[in-house]
Amino acid sequence: MSGTSAPRPFRVTMLGTGTSSGVPAIGCDCAVCRSTDPRDRRTRPSILLDFGDSGDSGARADLAGGAAGAVAGSVRHVLVDTSTDLRAQALANDVRRVDAILFTHAHADHVFGIDEVRRFNHMQRSPIPIMASPDVLADIREMFAYIFKPPPAHGGGVPKLVPFAIGGPFSLGGLEVVPVPVLHGPLPVLGFRIGAFAYLTDCNEIPEASWALLGGVRVLVLDALRERPHSTHFSVDQALAVVDRMKPERAYFTHIAHDLAHDATCARLPGGVELAYDGQVLEIPG
Ligand SMILES: [Zn+2]
Ligand SMILES: [Zn+2]
Ligand SMILES: [Zn+2]
C-alpha cells in the first residue's frame with residue numbers, strides 16, 4: 001500500500017540556515033559575524049519536518065524503487081540531513097523524536113552530526129531509517145565505517161540506522177516525498193518536494209527535467225549563499241531568478257554565508273522572499 005493520502009498541512013522547522021563554516025565563522029570580525037541580531041547566527045543546514053498525526057495508526061512508509069523495504073510504525077518527525085550542529089539544534093528546538101532521516105548529499109556540513117542520532121535511538125529504543133541515493137548511502141558507509149562495522153564493544157554505542165536507497169517518490173507519514181535531482185556544481189544532489197513544499201539546498205542549477213517535479217510549489221526553501229556568484233551554490237540573484245520562474249507564494253533562502261546580514265538583505269528582497277533564520281517555523285498549507 002502507498003499510505004499516501006491527500007496533501008495536508010504540515011510544519012517545517014529551519015534547524016540550521018548557515019553555510020558549511022557556520023555564522024559567525026571562527027575568528028571572523030566582519031559585521032555579520034559580530035552582529036547581535038540572533039537571526040545572523042546560523043548553524044549548519046538542516047530542517048525538521050513535522051507531519052503531525054497522519055491519522056493512520058498503522059502507517060507505514062513504503063519506499064518505491066530498488067531494494068527498499070518498508071518502515072514499520074507511524075512516521076511524524078523527519079529530519080533532513082544530520083548537520084554538524086545537530087545536537088545544538090535539537091536542544092534549541094526541543095526535538096525529542098526522529099522517525100526517519102533523509103539525506104540530500106554527504107558533504108561534511110550535512111552529515112557530521114550523525115553520531116547524535118544515538119540519543120534518539122536510546123530514547124525511542126529502536127533503529128532509525130535513513131533514506132538517501134545509493135551513492136550517498138555508499139559515501140555514508142565509508143565515512144562512518146564505525147557505525148556499520150562497529151567494534152565488538154563500544155562504550156557509548158553507535159547510531160543504529162537502517163539504510164533505504166531512494167529510487168523515486170515514496171510515502172512517509174502518509175505524505176508523498178518526491179526526490180528532486182539538482183546540481184551542486186558537478187555533484188548531483190537531492191532536493192525534496194512534499195506537497196506544497198520544496199527544500200532545495202546546496203545547488204546552483206535545477207535541471208530542466210526537475211522543473212516538472214516542482215509545479216505547484218507554494219513554499220520554497222532555496223540555497224542562496226551570498227551576492228557574489230559561486231561555483232556550487234546559487235547567489236541571491238540566481239536564487240531570485242528561480243523564484244521568478246517557480247512563483248511560490250513564499251520563498252526562504254538558506255545555506256547563507258556571513259556576507260549577508262539578515263535585516264539589511266531582507267529589506268531589499270522582493271515581497272514574499274526572505275532569508276530564513278535558525279529556529280524559524282514554516283507552516284505548509286495542505
Ligand atoms: Zn564574518
Ligand atoms: Zn554541499
Ligand atoms: Zn552544504
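## The zinc ion (ligand 3)

Along the chain, the donors of the zinc ion (ligand 3) are spaced D-H-x91-D-x52-H. Two of these positions come from distant parts of the chain: histidine 110 sits in helix 2 (residues 108–111), while aspartate 202 is in the loop between strand 12 (197–200) and helix 6 (208–211), 92 residues apart. Keep in mind as you look around that this is a predicted model.

Which atoms hold this ion? Its protein donors are Asp109 (OD), His110 (NE2), Asp202 (OD) and His255 (NE2), and they lie 2.1 to 2.2 Å from the zinc ion (ligand 3). The angles among the four donor atoms run from 91 to 165 degrees, and the site is irregular. Histidine 110 and aspartate 202 are both buried.

## The zinc ion (ligand 2)

Now for the other zinc ion. His105 (NE2), His107 (ND1), His184 (NE2) and Asp202 (OD) coordinate the zinc ion (ligand 2) at 2.2 to 2.4 Å. This site is irregular too, with angles of 89 to 173 degrees among its four donor atoms.

The spacing of the donors of the zinc ion (ligand 2) along the chain is H-x1-H-x76-H-x17-D. Histidine 184 belongs to strand 10 (residues 175–184) and aspartate 202 to the loop between strand 12 and helix 6, so this pair ties together parts 18 residues apart in sequence. Are these two residues buried or exposed? Both histidine 184 and aspartate 202 are buried.

## Where the two sites meet

Methods. Residues are numbered from 1 along each chain as its sequence is written. Chains are lettered from A and ligands numbered from 1 in the order in which they are written. This is a predicted model: local features need pLDDT of at least 70, side-chain atom pairs count only at pLDDT 80 or more; totals for chains, interfaces and linings use all residues. Side-chain values use heavy atoms; hydrogens and water are left out. Donors are N, O and S atoms within 2.8 Å of the metal (3.2 Å for Na, K and Ca); water is not among the atoms, so sites may look incomplete. Four donors count as tetrahedral if all angles lie between 85 and 135 degrees; four count as square planar and six as octahedral if opposite donors are over 155 degrees apart and all others between 65 and 115; anything else is irregular. Helices (H or I, at least four residues) and strands (E, at least two) are DSSP runs, numbered from the N terminus. Buried means under 20% relative accessible area, exposed over 50%, partly exposed in between (1.4 Å probe, protein chains only).
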